[in-house]
Structures are given as structure tokens and as C-alpha cells.
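This report walks through one protein model for a reader who is meeting it here. Please look over the sequence and the structure before reading on.

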Amino acid sequence: MALLFSPFTTQALTVKVSQIDTARQGQIMVMLFAKDGFPKDHSSALSIQTAPVTAGANSMLFHFPQSPGEFAIKVLHDEDMNNQVTKNWTGVWPAEGLGFSNGARVRLTGAPSFKEARLTLSSPPDVINISVIYP
């Protein structure tokens, strides 16, 4: 009998994005990453889900049917809907709201590392909560 290894478990994952500034237009993007590409290379995300920002909806739920054993989540309030983080006049600091799993935050030295945002699911929580932080 052969055993097949899969980097995915069958555990579903629910992400609650909160503190959304509904005065800002655009969409909320939730990206599920393994280590590769986190957090800047969106094309390396294992899964990306989006939803439009609507008036009065300062929180949203996103459901991923499967999650990898180790992962990190990035949330972007993509106001201009270009599917990337827009920078402010410095060209370095984000101009749009961001949030990361495990409470990781953007610092003056840059985006958080995978290690700072990493989560491991041995038993799935009901919901992973991530707040959007605006510049």
C-alpha cells in the first residue's frame, strides 16, 4: 500500500477580517500563503479570495476549503483594485490597509516575515481573526 503525502490537510479555514474602513472603496483581498512568496509575491499565494467593500460591513468572513499545515495570511484593503499594495509618496510605506495572521505588523524595516505571521493548525480554530490596520 502506498501512502501519498499532500502538503494540504482537509481542514477548512475561516478568516474574519475586521476593522474595515467602509468609507474607503475597493475590495478586501485575503491571501493564504505557504512560506514561498510571503507576503509580497501575490502570484505565489496558495489561494486568494476577494470581496467588495460595502457600506456598514466593517467585518467579513472568508472560507478556504483546505489549509496547509504551516501558513500565513495577508489581508489587503485594495482601494484602487490593482491587486497589489499601493505605496504612499515615499514609495516604501503602504498607502492601503493591511493585516497579517498572528498579529504580525509592517515595521519601518518592512513587511513581516513568514516566521512572524506563521500559523500551524493541529486542530482548526473556529475563526482566525485579522484586523486591517490603515496608515
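## Strand E5 and its partners

Strand E5 and strand E7 (residues 119-120) run antiparallel and are joined by two bridges, and across this pairing Phe-71 stands opposite Leu-119 in E7. Strands here are DSSP runs of type E with at least two residues, helices are runs of H or I with at least four, and both are numbered from the N terminus; two strands count as paired if DSSP finds at least two bridges between them. E5 also pairs with strand E6 (residues 98-100) in the antiparallel sense, over three bridges, with Lys-74 opposite Phe-100 in E6. Seven bridges join E5 to E2, and these two strands are likewise antiparallel; here Val-30 has Val-75 of E5 as its bridge partner.

E5 is mostly covered, with eight of its nine residues buried, where buried means under 20% relative accessible area, exposed means over 50%, and partly exposed lies in between (1.4 Å probe, protein chains only).

## The model and its confidence

The model is a predicted one, in which local features need pLDDT of at least 70 and side-chain atom pairs count only at pLDDT 80 or more, while totals for chains, interfaces and linings use all residues. Residues are numbered from 1 along each chain as its sequence is written, and side-chain values use heavy atoms, with hydrogens and water left out.

The mean pLDDT, the predictor's confidence in each residue from 0 to 100, is 88 for the protein chain, and 90% of the residues reach 70 or more.

## Overall layout

The protein chain has one helix and eight strands, which follow the pattern β-β-β-β-β-β-α-β-β along the sequence. Of its 135 residues, 38% count as buried. Among contacts with a separation of 6 or more, 69% are between residues 24 or more positions apart.

## A three-stranded sheet

An open sheet with mixed pairing is formed by three strands in the order E4-E1-E8. Strand E4 (59-64) and strand E8 (128-131) stand at the edges with a single partner strand each, so one side of each is left without a neighbour in the sheet. Strand E1 (residues 13-18) runs antiparallel to E4, to which six bridges join it, and Val-15 stands opposite Phe-62 in E4.

## Two nonpolar cores

A nonpolar core is a set of buried Ala, Val, Leu, Ile, Met, Phe, Trp, Tyr and Cys residues joined through side-chain atoms within 4.5 Å. The largest has 20 residues, and those with the most contacts inside it are Leu-13, Val-15, Val-17, Ile-28, Val-30, Phe-62 and Ile-73. Two or more residues of this core come from each of E1, strand E2 (27-33), E4, strand E5 (70-78) and E8. Apart from it lies another core of 13 residues, including Val-85, Phe-100, Ala-104 and Ala-117.

Leaving aside neighbours within four places in sequence, Val-17 is in contact with several residues, among them Ile-28, Val-30, Phe-62, Val-75 and Ile-130.

## Ser-101 in its loop

Where is Ser-101 found? Ser-101 is in the loop between E6 and helix H1 (114-117), and Ser-101 is buried, with a relative accessible area of 0%. A polar atom of the Ser-101 side chain lies 2.9 Å from the backbone nitrogen of Ile-73. Beyond four places in sequence, the contacts of Ser-101 include Ala-72, Ile-73, Glu-116, Ala-117, Leu-119 and Ile-130.

Definitions and conventions:
Contact = heavy atoms within 4.5 Å. Polar contact = N/O pair within 3.5 Å; in protein donor to acceptor, adjacent residues only side chain to side chain.
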